[in-house]
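I opened the model to look up how two chains meet and where a ligand sits. My notes follow.

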Amino acid sequence: MIAETVFNQGFEVEGGDFVRGGEASCRILEILKELAFPPSIVRRAGIAAYEAEMNIVMYADDGGLELTVTPDRIVIVVADRGQGIPDIELAMRDGYSTATDEIREMGFGAGMGLPNIKKNSDEMKISSTLGEGTRVEIVIKANHGEVRCEDSRPCAES
Amino acid sequence: MRLSQIADALELEMCTTNCSLDCEVTGCYVSDILSDVMANSKEGYLWITIHIHPNIAAVSEFLALGGVIVVNGRRPQPETLEKANEHKIPIFTTKLSAYEVAGRLYGSGLRCQKEC
Ligand SMILES: Nc1ncnc2c1ncn2[C@@H]1O[C@H](COP(=O)(O)OP(=O)(O)O)[C@@H](O)[C@H]1O
Ligand SMILES: [Mg+2]
């Protein structure tokens, strides 16, 4: 555990369960709201956690999310047991996906998940071992104020 | 524009049971790709989609969307409505297509508010 931890909890995720998939991230969202983080931070953490959780549902056997909150950061470690990722650089590319037709029919598999995680986090670490599993670490810094544009357009003067 | 006004004007059929329509809609996004919605819609937006599975409720919850309009007469699955009711996310259905719904919303003056 990281020093000065103010909150730490783990959540299990079952591979292939599209009905319950997303519930772990939903709990994380609720906890961060309760801890009174600014909405923009809660939203970024929620999106990143959800994309990573759904990757477990889609591509792994099982796994979990671990939320750790310290005074200056939110860390979400998403780890699974599963097939792993053969080429991480390729997997990180916008549009790259190995999703099945069935998954695509549900609106997943656009190859935007990992890029979305990167975009919404301040630090993202990903490692994977073929045939064993994948680990994604999402860090969101909580100490640099709540004003932050979510897209690349310049902020309008207010 | 209020969600209740939009629901009346487009004669949307409400599928959820305990959601208030007394809220301001800040914009709209049309997409059937969940990650695309995650990347490009903002708080208070209405989401137009053909999807009916529970993840539309989850995505709406993460993004704090104002509601979902399911088009082409499709009906959300019971698990979807359960989740949506739990999180108080209004879901509607309509026989109209995504094109028709978006066109009418734009025609009625709804624009996407810039967030920052
Ligand atoms: N946890 C995981 N286990 C195995 N493969 C994964 C995992 N996460 C991502 N991948 C691989 O990386 C690809 C890209 O992931 P992502 O950007 O989330 O897009 P998508 O989920 O739409 O395919 C996936 O199609 C899959 O091949
Ligand atoms: Mg994905």
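I take buried area as the accessible area (1.4 Å probe) that two parts lose on being put together, summed over both. On that basis chain B and chain A bury about 2200 Å² between them. Of this, 58% lies on carbon and sulfur atoms.

Ground rules before I go on. This is a predicted model, where local features need pLDDT of at least 70 and side-chain atom pairs count only at pLDDT 80 or more, while totals for chains, interfaces and linings use all residues. Residues are numbered from 1 along each chain as its sequence is written, chains are lettered from A and ligands numbered from 1 in the order in which they are written, and side-chain values use heavy atoms, with hydrogens and water left out.

**Entry 1: the interface.** I listed the residues in contact (heavy atoms within 4.5 Å). Chain A supplies 32 residues and chain B supplies 25. Next I looked for salt bridges (a side-chain nitrogen of Lys or Arg within 4 Å of a carboxyl oxygen of Asp or Glu). I found two between chain B and chain A. One of the two pairs K33(A) with E61(B), at 3.7 Å between the closest N and O atoms.

Which elements give two or more residues to the chain B side? They are α2 (34-40), α3 (55-63) and α4 (78-87) of chain B. Helices here are DSSP runs of H or I, at least four residues, and strands are runs of E, at least two, numbered from the N terminus. α3(B) gives the most, six residues.

**Entry 2: G22(A).** I then went to the loop between β1 (7-14) and α1 (23-34) of chain A, where G22(A) lies. Is G22(A) buried or exposed? It is buried, at 2% relative accessible area. The cut-offs are under 20% for buried and over 50% for exposed, partly exposed in between (1.4 Å probe, protein chains only). Leaving out residues up to four places away in sequence, G22(A) touches Y50(A), E53(A) and M54(A), plus F62(B) from the other chain. I also checked A36(A): it is 14 residues from G22(A) in sequence and 21 Å away in space, C-alpha to C-alpha.

**Entry 3: ligand 1.** I counted 19 residues around ligand 1, each with a heavy atom within 4 Å of it. The closest are Y59(A), D80(A), S97(A), T98(A) and G111(A). I also noted oxygen distances. An N or O atom in the side chain of N55(A) is 2.9 Å from a ligand 1 oxygen. For G109(A), a polar backbone atom is 3.3 Å from an oxygen of ligand 1. For G113(A), a backbone N or O atom lies 3.3 Å from a ligand 1 oxygen.

Technical notes
Polar contact = N/O pair within 3.5 Å; in protein donor to acceptor, adjacent residues only side chain to side chain.
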